[in-house]
Amino acid sequence: MLFYADKALKFAFSKDLETAGETILNNQEKVFGLLGVPFDSTSTYQSGARFGPLLLRESSYNFENYHLYLDKVLEATFYDMGDVQTVPGNFHKTCKQVEFTVKEIIEKGYTPLVMGGDHSISYPITRAIDIHNATVIHFDAHTDFRDEYAGEKYSHATVMRRIWELNPREIIQIGIRSSSSEEVKFARDEDIVQFTARDVKNEMKNVLKAVEGVEGPVYVTVDLDVLDPAYAPSVGTPAPGGLDPLELETLILKLKNKDVIGFDVAEVSSSSVGDITSINAAKVILDFLFLQ
Ligand SMILES: [Mn+2]
């Protein structure tokens, strides 16, 4: 590589994949493999999440490598491993390729950190990771507990139902404000822990307590529509009355010292440089990495 030249459009502060190899074997700390999944074929309203990884990477260059509130320089080791080859229009083939690639990342010793893509892409990731003993912390405006959506089993709108079928230890949903009555009943019957957006606004202490109380492995999935459309308009299905970026930051920072075995940020459908949605999404990834 040239001294004054950098590779274009890797995620900011990520390390060069060619130097990965042996570091991982001797490292006690988690080392993250960042992966993009440019796929939005299950989108039902505002499509464009296939540009999520591209715009997320672009937005990442807007940030400092120092976190003011944590008084900490970014120390996490993470490699940008590029994008999965998706098959537009074909969830099943894409699903296989995502699952295969995430398994590869795990076998090499990296913890997967994935940029969607519409939310359906979380399913193959959680299939690739063993989430049996894991708590799934799910940030979203929607519960995504439908068994089918428009006759389809696999969709952004059914993804948490499919993940629930993988039998994780517990699911904690945060930021919920939109759901069908069937999904509410399902969540009650199955003892899903749910915090609405109002709970975050009015009883943040309880939400933080729940996150703090989580023990064992954790999988985190962030549908960026958990934020209010004022802060994240470029998402598949915007829902008013959501979290603000400081509330989401407070919650993400509560993941400190948790054994996070996988993390994804989905539904970012930004289509232009400087879009507020991809900027907030890149911040979620960086806030999480600052904790390492
Ligand atoms: Mn959602």
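1. A word on angles to begin: those under 35 degrees count as roughly parallel, over 145 as roughly antiparallel, 65 to 115 as roughly perpendicular and the rest as oblique. Please keep in mind that this is a predicted model, where local features need pLDDT of at least 70, side-chain atom pairs count only at pLDDT 80 or more, and totals for chains, interfaces and linings use all residues. Residue numbers start from 1 along each chain as its sequence is written.

2. Now the overall picture. The protein has 10 helices and 10 strands (DSSP runs numbered from the N terminus, H or I of at least four residues for helices and E of at least two for strands). Its radius of gyration is 18 Å, close to the 19 Å of the globule rule for 292 residues, so the protein is as compact as a globular protein of that length (the radius is taken over C-alpha atoms, and the rule is 2.2 Å times the number of residues to the power 0.38).

3. Next, the sheet. Eight strands make an open sheet with parallel pairing, in the order S4-S1-S5-S10-S9-S6-S7-S8; strands pair if DSSP finds at least two bridges between them. At the edges are S4 (77-83) and S8 (193-196), each pairing on one side only. On average, neighbouring strands are turned by 15 degrees against each other, direction ignored.

4. S7 (residues 170-176) pairs with S8 in the parallel sense over four bridges, and Ile-176 stands opposite Thr-196 in S8. Helix H10 (residues 276-290) packs on the sheet, touching S4, S5 (111-116), S9 (217-223) and S10 (259-266). The direction of H10 makes about 170 degrees with that of S10 (axes are lines fitted to C-alpha atoms, for helices over the stretch in contact, and angles run from 0 to 180 degrees between N-to-C directions).

5. H10 has a helix partner too. H2 (residues 52-60) and H10 pack at about 75 degrees with their axes 8 Å apart, and are therefore roughly perpendicular to each other. Among the residues making this contact are Leu-55 and Leu-56 of H2 and Ala-281 and Leu-286 of H10 (contact means C-beta atoms, placed from the backbone, within 7 Å).

6. Finally, the interior. Of the 292 residues, 49% count as buried (20 or more other C-beta atoms within 10 Å of a residue's own; exposed is 12 or fewer, partly exposed in between). In the largest nonpolar core, of 78 residues, Leu-224 and Val-265 touch the most other members, and H10 gives the most to this core, with nine residues (such a core joins buried Ala, Val, Leu, Ile, Met, Phe, Trp, Tyr and Cys through C-beta atoms within 7 Å).

Notes
Contact = placed C-beta atoms within 7 Å.
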